[in-house]
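Hello,

Here is the structure I promised to send over. Please have it open while you read, as the notes below go through it piece by piece.

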Amino acid sequence: MTTPLRTTTLDVPPSRFAALGRDARSLSFWAENAAPVGLVLLVIVFAILSPSFLTLGNIQAMLIASAILVILAVAQAFVITTGGIDLSISATMTLGAVGFGLAWQAGLGFWLSAVIAIVVSGLVGVANGLLIATGKVTDFIATLGTLSVATGLALILTQGKPISFTSPELLRLTAGSIGIFGFPFLIAVVIAVVFGVVMFRTRFGLHVQAIGGSEEAAVANGINAARVRIAVYVLAAMLAGLASILLVARIGAAEPAINTQYLLNSIAAVVLGGVALTGGRGKIVGPVLGALLLTALSNGLTLVGVSQFYQPLAVGLVVVLAALLTRFQKK
């Protein structure tokens, strides 16, 4: 009598490439990866259109140019993760730059002037946080109001005139580098890493995400939502103050006129980075890549000879497309 042969069916897991191909057919894949995919495509396109795009000098210039936007995108990511938005962030940076310039003029030196810039900016964040968390003013109206206040203060304190000055520390900050990585970009990377840890490895970061997901549930679990919101707006404003120092170093003056491009691009970078505008989905790497994408887009368009008048149009189209894709993000 012969023993029947037993056959065993082996479940072979699909390859990573097959899984990736399957995911790529889903709109949620493109929604989650708009920033890295878009950045890679931009690099390929502009490398073909302009031989100078991928030269070491241009890469270094792009990284340095992205530093301010990277920091503002990290700041905005925290605010948007709570379900809010900070329309005053660019004006806050401008006021911080004016604070730095006035302190320098008063003979307080670089480091004390830098501290004053961050503190002055932080006060705008305190006002935002109190208005929103305690005064129950909607974030849109509260930060729109502080945008006007900060802009007005910057113009009043300077009489509308830029504060020009030179500083050895600012020169080193502008010209210093490690390889192709300029000091401003390295500072931005450190900020991104530190606040990535804060977002995903600390209780505060978990509270930020919990409030954005469901404030009622967060409060029911003992989270002080008002305190966390105030802290988030203060944090964002102080990061804007740090960015103001890089801005002063970049242009060599404290300019009192607000640059709304930084405001719009900071929100755009967060949207491109896959952070849900409804809150609860914290990301840091995505907004950083979004900031790099927007910087590369502006740089590449300039290199291929596209008029600056068309550049905001291109950025706007990219952002609208990314915003449409957020509808398909995984819950």
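Lysine 136 is exposed, because its relative accessibility of 65% is over the 50% that the word requires. This lysine sits in the loop between helix 6 and helix 7. Its backbone is worth a look too: phi of lysine 136 is near 60°, a positive value in a residue that is not glycine. Most residues other than glycine have a negative phi. Please keep in mind throughout that this is a predicted model.

Glutamine 159 also has a positive phi, of about 60°, without being a glycine. You will find glutamine 159 in the loop between helix 7 and strand 1 (163–164). With a relative accessible area of 63%, glutamine 159 counts as exposed.

Helix 7 (residues 139–158) holds threonine 151. Is threonine 151 buried or exposed? It is buried, because its relative accessibility is 17% and the limit for that label is under 20%. Apart from neighbours within four places in sequence, threonine 151 is in contact with Ala91 and Ile258.

Now for the fold as a whole. The protein has 15 helices and four strands. It is made of 331 residues, and 47% of them count as buried. If you take the contacts between residues at least 6 apart in sequence, 78% join residues at least 24 apart. The protein exposes about 16,700 Å², and 69% of that area is supplied by carbon and sulfur atoms.

Take helix 5 (residues 89–105) and helix 6 (residues 109–134) to begin with. Their axes come within 8 Å and cross at roughly 145°, and the crossing is right-handed. On the helix 5 side, the residues that meet helix 6 are Thr92, Leu95, Gly96, Gly99, Phe100, Ala103 and Trp104. Their partners in helix 6 include Gly109, Phe110, Ser113, Ala114 and Val124.

The other pair is helix 4 (residues 56–81) and helix 13 (residues 260–272), which pack at an angle of about 65° with their axes 8 Å apart. This crossing of helix 4 and helix 13 is right-handed as well. Helix 4 brings Ile68, Leu69, Leu72, Ala73, Gln76, Ala77 and Ile80 to the contact. From helix 13 come Tyr262, Leu263, Asn265, Ser266, Ile267, Ala269 and Val270.

What about charged pairs? The count comes to one salt bridge. Glutamate 215 forms a salt bridge with arginine 229, and the closest N and O atoms are 2.9 Å apart. The pair links distant parts of the chain, 14 residues apart: glutamate 215 belongs to helix 11 (residues 215–220) and arginine 229 to helix 12 (residues 225–251).

Val40, Leu41, Ile44, Val45, Ile48, Leu49, Leu303 and Val304 make a nonpolar surface patch of about 710 Å². Which helix gives the most to the nonpolar patch? That is helix 3 (residues 34–49), with six residues. Valine 40 is found in helix 3 and counts as partly exposed, with a relative accessibility of 48%.

Valine 304, another member of the patch, has its place in the loop between helix 14 (285–303) and helix 15 (311–325). Its relative accessible area is 32%, so valine 304 is partly exposed. Leaving out residues up to four places away in sequence, valine 304 touches Phe46, Leu49 and Ser50. Valine 304 and phenylalanine 46 are 258 residues apart along the chain, yet their C-alpha atoms are separated by 7.9 Å.

That is the tour. Do write back with any questions once you have had a look around.

Best wishes

Definitions and conventions: Residues are numbered from 1 along each chain as its sequence is written. This is a predicted model: local features need pLDDT of at least 70, side-chain atom pairs count only at pLDDT 80 or more; totals for chains, interfaces and linings use all residues. Side-chain values use heavy atoms; hydrogens and water are left out. Patches are made of residues with over 30% relative accessible area and no salt bridge: like charges are joined within 9 Å, nonpolar side chains (Val, Leu, Ile, Met, Phe, Trp, Tyr) within 5 Å. Accessible areas come from the Shrake-Rupley method with a 1.4 Å probe; for residues, only the protein chains shown count as cover. A salt bridge is a side-chain nitrogen of Lys or Arg within 4 Å of a carboxyl oxygen of Asp or Glu. Helices (H or I, at least four residues) and strands (E, at least two) are DSSP runs, numbered from the N terminus. Buried means under 20% relative accessible area, exposed over 50%, partly exposed in between (1.4 Å probe, protein chains only). Contact means heavy atoms within 4.5 Å. Axes are lines fitted to C-alpha atoms, for helices over the stretch in contact, and angles run from 0 to 180 degrees between N-to-C directions. A crossing is left-handed if the near helix is turned anticlockwise from the far one by less than a right angle, and right-handed if clockwise.
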